[in-house]
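Thanks for coming. I will go through one model, a few elements at a time, and give the cut-offs as they come up.

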Amino acid sequence: MPSNESGSSEPGLEANGSTEPFAVTPADAGQELPTTSPQMPEQVVAEDISPFKDPITHGPVEPYQGGPHKGAWEDLSFEDIVAHQSHEFEESSFFTELAKDPLHLAAVESFTGFTIHTSPTLAGTYRCLLDVDPLKHAISLVAAASGARNSDREQVKVALSRNQLSIRSAFGGAFCECVLPLATTCDDVPLGGCVAFVVLLTDMLMTLDACENKIELTFVADQSRVSVVSGAFARPILTKNFSKFTDITEARIGLIDPKLRQVFDPSALAKACRLLAPYVLDDPVQESFNVVELVNGRLIGGSMSAVGFVYAPALKGRDLRFRGRFLPVLADFMPALDKCYVYDTGKFYVFRDHRFAFGIEKTERRFPAEIAALLSVEKNQDRVLLPRKQLLHMLAGMTASKPIDGVASFIGLKDLHNVHYELTAKGENGRRVRARSTGARQSMIDTAIHAKFSIGALLNTVKEFEAASTLIDFYPGFLVTRESDDQVEMETLISLVKPLKARKPSTKTADEAFEEATL
Amino acid sequence: MSPDLENSDPIENKVPASPDGSQGDPIANLTDDVPATPVPADHSKKPSTKQSAHLIEATSHLPDVLFSVERVDLRLAHLALSAVVHADWVQARLERDRLILVGSTNKARCEAAVPLHEHASLLAEDHLDLRFSADLFVDLLCNRNRWLGDRMDRSGDADTLIRFRLPQTAKGAANSEGQVNCKIKTGPFTARWPVEFIPLELSADPLPQGSGLDNGAFREALQAIAEFADRSSQSPFATLSLNATSGIAGSPVHGRIRITEGFLVSNPLTLARSSARNLIDLLALIDRATARWGVVDNTLHVYDARIRSAFKLEVQGPKLTPPSERDSLDHGLAPVAELRSAVAKIVSQIEPTESPVRMRIFGGEAGTLELAVPVNGGLATVTCPIQRSADAEVSDNLPTHEAWLGSDGLQKIFGLQVATTVSVTTLKGAIEFGQSSDGKTTKTQLARLKAPKV
């Protein structure tokens, strides 16, 4: 249940008494947090730190022998533990999690909606201290979420509670929220309470440019001003009209239903989005192509000239459909998330881990299904394996002629084992750049290959992978490159400018044959 | 790759036949296995530059001219040319044993010679004047990214040569714009590129005897003041002046002057700002061992064994009169690192519209230098420590000084990389920032501006 419908009588308060967007209460977590470590992640508490297990090794606790031993927390100083178990300390997932997750992992589990700060704080002075680097990272993510929009007018809402600060933005069809721990508790904020203000994103970006190490934010509510101090630097930031901020309300983004959430691997989606982004154009003319679709672990998107299919096993079972313009935003934002949940609200997809939340608008349109069907065409498939670095080098060289429409022609002549190929690009005023090399023949078809395609499309896919060779299949009307690494498999379907011409190799030498094909 | 495949080259434009009538492979045998084709005896006389183009017209069936150069040599020459001239074209003269890239503006000229790896199939005194589009060099021939790829692919066995094949037969082969297609081969690439035969004039004047040049010291002296001259070429203050050990440049319009001392320059010079900037780039490419320079007929010549450049000297502009240091109101020393950081931070707060920076010096001997700019909602400020000079009696109660300075000038107050402190002197009409190291001194005076209306 989203918090703005919680029925709380006090503005900004949730039913559970917490106003912190990602905060958790013992009631939410379902059990009391251990007193020895108040910030211990909930999932670690529940699964790993049982009374019968060693909190460091996760193995059985050995009997106490009167000296320092594994698992006897109360008997050891920090120095003792480091001295005896320093290597285990470094490798322990428990401590990695604790260092990485200063907030409560349980907040992810208990998340039911975003806290809505309905009214501005009108009086009081509130001071907090933060580390600069996480704040810079959070603001850069907020800026990335705004995409290519004009950040001069974009506003962000900052909410301050006793031990954390959240920054929220909502631009166009995307929104995000970043939660940061405070360096020291902010006693100015009443216990369980929260103060919020709205500032320009550009003011925050500029201010952080001059900040180092720690930053002290002081919100002077009655002056509508935030004072920023970092070392020898200080500046004021004027707050903006609170009511004009477009917040992440249920009416806007839909209902967050924890029952519909799915575990999600953001790194796989980030990589898939980055690979696919060069092929997706925000083109209103080709509206049916202006959709990116994740189906059965395969992210699909592209244009009439090239379509990318990125398959990641980690994405299997989570279907998404969104507009192409969110692809670079997702590619920027997803690497910031740890393993997270994705929620389908009906209007938005919301990705959320313990620090960040990010939402993009859904679309009902579908990517043209017939394009995907082309990949299974078996007819006249002609397969070659080309050395990657050489191909990359040659494709880059083709661009020197400034080819008309960015098109290069490929001529491949095959002998028993090899394919001798030539790339040619023609520019204006008779300019031409050509390069020849040899690859491996992968099909038994011995016809010559003659194809014209976009240099940029092939360059984009070849440069992103690291295997020694690139596999290319030629079909009538298009070619397909097939690449893979340990995380994803990518197929790129590139339209041919002219339909593939199949020619029987003649008895002529390769040079004569190239010459004949060129003419 | 099979040799025949590598060397073959189906030529789409008209390839002239050899004198014996056979259709030779145009690119394949650019190297040792084919001797340079002899040119008919009646063309052995060295033509004038104007005759050069006519030579092409008159001879309709000359064999193609073949030559090759090392890529690094061509790149160096092209960089030298680009340092002086920014044009869409590269003009070149091909002689039997070298290719000379030529570029000129109304203030400067550069000729950079590239030794030919394999001599051109021209007679000793013959030459061809050519004009290529500059992007051939920028995007393909001198682009290091192409070389890197090549090196990786061939694992140390990189093809370092660029081979050219140039048809001499303008008649018939040239298109309506008078261009013929030159064929160029390097690494795996074979390019066909239009080239024009356009006569050009090389410098006829002999090089001055000149004297040895320490290009590093000269470059440093130019760099120290070049940015302070007026950008507008119409301005009388668009020049910088150097003499034996000092230099001065400034822009009263922008309210900044730089004076240098201790930089070793042997000849007094007055150069246009644009020429100085070109010269700074060029000096980085000039060979230290053979670098020389001299002034003849109001022209500065800087040259080495391959690169020859000339820069027109300017008449000295109106004399710059910086505020006298005798009017000093206050003096202090600030650490470079802190002041540099403070300047960077305050400049990062300036809104897109240009805004002056307020500088205040206050406190006692261990005082504070504060920089401030107006921002939405007040002033952004940053401070750094400053050690103020003071009489013993008043050391705890020194006066506060305030000045508004141009932000552009403020970013340029650091004239020496190695200095650890910046002296800050408050003058009546300006603030002077000075640095000293290794006997060199830079003084940068920024004029006080009017306080903006906040």
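**Helix α12 of chain A**

In α12(A), the buried residues are Q390(A), L391(A), H393(A), M394(A), L395(A), A396(A), G397(A) and M398(A). Buried means that 20 or more other C-beta atoms lie within 10 Å of the residue's own, exposed means 12 or fewer, and partly exposed is in between, with C-beta atoms placed from the backbone. Helices (H or I, at least four residues) and strands (E, at least two) are DSSP runs, numbered from the N terminus.

This is a predicted model, in which local features need pLDDT of at least 70 and side-chain atom pairs count only at pLDDT 80 or more, while totals for chains, interfaces and linings use all residues. Residues are numbered from 1 along each chain as its sequence is written, and chains are lettered from A and ligands numbered from 1 in the order in which they are written.

Back to α12(A): eight of its 11 residues are buried, so the helix is largely enclosed by the rest of the structure.

Which residues of α13(A) does α12(A) meet? They are I455(A), L458(A), L459(A), V462(A) and K463(A), and from α12(A) the contact takes in R388(A), L391(A), L392(A), L395(A), A396(A) and M398(A). Contact here means C-beta atoms, placed from the backbone, within 7 Å.

The axes of α12(A), residues 388-398, and α13(A), residues 455-463, come within 10 Å and cross at roughly 145°. Axes are lines fitted to C-alpha atoms, for helices over the stretch in contact, and angles run from 0 to 180 degrees between N-to-C directions.

Chain A as a whole has 14 helices and 25 strands. Of its 519 residues, 43% are buried.

N296(A) sits in the loop between β10 (291-295) and β11 (298-302) of chain A. Its phi is near 50°, positive in a residue other than glycine. N296(A) counts as exposed because it has 10 C-beta neighbours inside 10 Å.

In chain B, D297(B) lies in the loop between β14 (292-296) and β15 (299-303). D297(B) is not a glycine, yet its phi is positive, about 50°.

Last, T112(A) is in the loop between α5 (106-109) and β1 (125-131) of chain A. T112(A) has 18 C-beta neighbours inside 10 Å, so it counts as partly exposed.

Terms used:
Two residues are in contact if their C-beta atoms, placed from the backbone, lie within 7 Å.
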